[in-house]
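This briefing covers the strand arrangement, the helix, the nonpolar core and the ligand shell of one model.

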Amino acid sequence: MLQIKNIFKQYKTGNLVQKALDDVSLNLRDNEFVAILGPSGSGKTTLLNIIGGLDCYDKGDLIINGVSTKNYKDRDWDSYRNHMIGFVFQSYNLIPH
Ligand SMILES: Nc1ncnc2c1ncn2[C@@H]1O[C@H](COP(=O)(O)OP(=O)(O)OP(=O)(O)O)[C@@H](O)[C@H]1O
Ligand SMILES: [Mg+2]
């Protein structure tokens, strides 16, 4: 259903480069329940933001139902967020009304 293939992500702040994901791969199957565990700073939020289509990976691929997202444009990611992924934030991030 969802494949993460050799994903890399780093954050650049001025000349500071922080590696957040370094060659991460995983496969999620239909109906599978998966928990991602790891120490603070190990990249869990970064990974979830990428899976949720909220942030972009630098290198690698995210494959959804057999379709690569490598050449996705903004509007493809819009459609991905609308139709492929549900995201429940820890703080709900809902408009109050
Ligand atoms: N916006 C950002 N700018 C710069 N560095 C960042 C940014 N977001 C995360 N990082 C860095 O990337 C690395 C991974 O952070 P991330 O937030 O994904 O970890 P985490 O596993 O979710 O941690 P926690 O358990 O504390 O929530 C850390 O070194 C963090 O400092
Ligand atoms: Mg986090």
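The model is predicted, and in it four strands form an open sheet with antiparallel pairing, in the order 2-1-3-4. Strand 2 and strand 4 (67-68) stand at the edges with a single partner strand each, so one side of each has no neighbour in the sheet. Strands of a sheet pair through backbone hydrogen bonds, either parallel or antiparallel.

**Strand 1 and strand 2**

- Ten bridges join strand 1 to strand 2, and the two run antiparallel.
- L2 has L28 of strand 2 as its bridge partner.
- The hairpin of strand 1 and strand 2 has two residues between the strands, and G14 in this hairpin takes a positive phi near 60°.

**Strand 1 and strand 3**

- Strand 1 is also joined to strand 3 (residues 59-64), here by five bridges and again in antiparallel fashion.
- I4 stands opposite L62 in strand 3.
- K5 stands opposite D61 in strand 3.

**Strand 3 and strand 4**

- Two bridges join strand 3 to strand 4, which run antiparallel.
- I63 has S68 of strand 4 opposite.
- In the hairpin of strand 3 and strand 4, two residues lie between the strands, and N65 takes a positive phi near 45°.

**Helix 1**

- The buried residues of helix 1 are T46, L47, I50 and I51.
- Viewed down the helix axis, the buried residues of helix 1 fall within an arc of 135°, so they line one face of the helix.
- The cover over the buried residues of helix 1 includes strand 1, strand 2 and strand 3.

**Nonpolar core**

- The largest nonpolar core consists of eight residues, namely I7, A20, L21, L47, I50, I51, Y57 and L62.
- Strand 2 and helix 1 are the elements that give two or more residues to this core.
- Helix 1 contributes the largest share of the core, three residues.
- Core residue L21 touches I7, F8, K9, G43, T46 and L47, when residues up to four places away in sequence are not counted.
- In soluble globular proteins, nonpolar side chains tend to be buried together.
- L62, the residue that I4 stands opposite in strand 3, is also a member of the core.

**Shell around ligand 1**

- The residues around ligand 1 are Y11, T13, Q18, A20, G38, S40, G41, S42, G43, K44, T45 and T46.
- Strand 1 (2-13), strand 2 (16-28) and helix 1 (44-51) are the elements that give two or more residues to this shell.
- The largest share of the shell, three residues, comes from helix 1.
- By class, the shell divides into nine polar residues, two nonpolar and one charged.
- A20 is listed in the shell around ligand 1 and in the largest nonpolar core.
- T46 is one of the shell residues and one of the buried residues of helix 1.
- G43 and T46 belong to the shell, and L21 touches both.

**Helix 1 across topics**

- Helix 1 gives the largest share of the core and the largest share of the ligand 1 shell.
- L47, I50 and I51 are core members and are among the buried residues of helix 1.

Technical notes: Residues numbered from 1 in each chain as written. Chains lettered and ligands numbered in written order. Predicted model: local features only at pLDDT ≥ 70, side-chain atom pairs only at ≥ 80, totals over all residues. Near = placed C-beta within 6 Å. Nonpolar A, V, L, I, M, F, W, Y, C, P; charged D, E, K, R; others polar. Core = buried A, V, L, I, M, F, W, Y, C linked by C-beta atoms within 7 Å. Buried ≥ 20, exposed ≤ 12 C-beta atoms within 10 Å, placed from the backbone. Contact = placed C-beta atoms within 7 Å. Pairing = 2+ DSSP bridges. Arc of directions from axis to C-beta.
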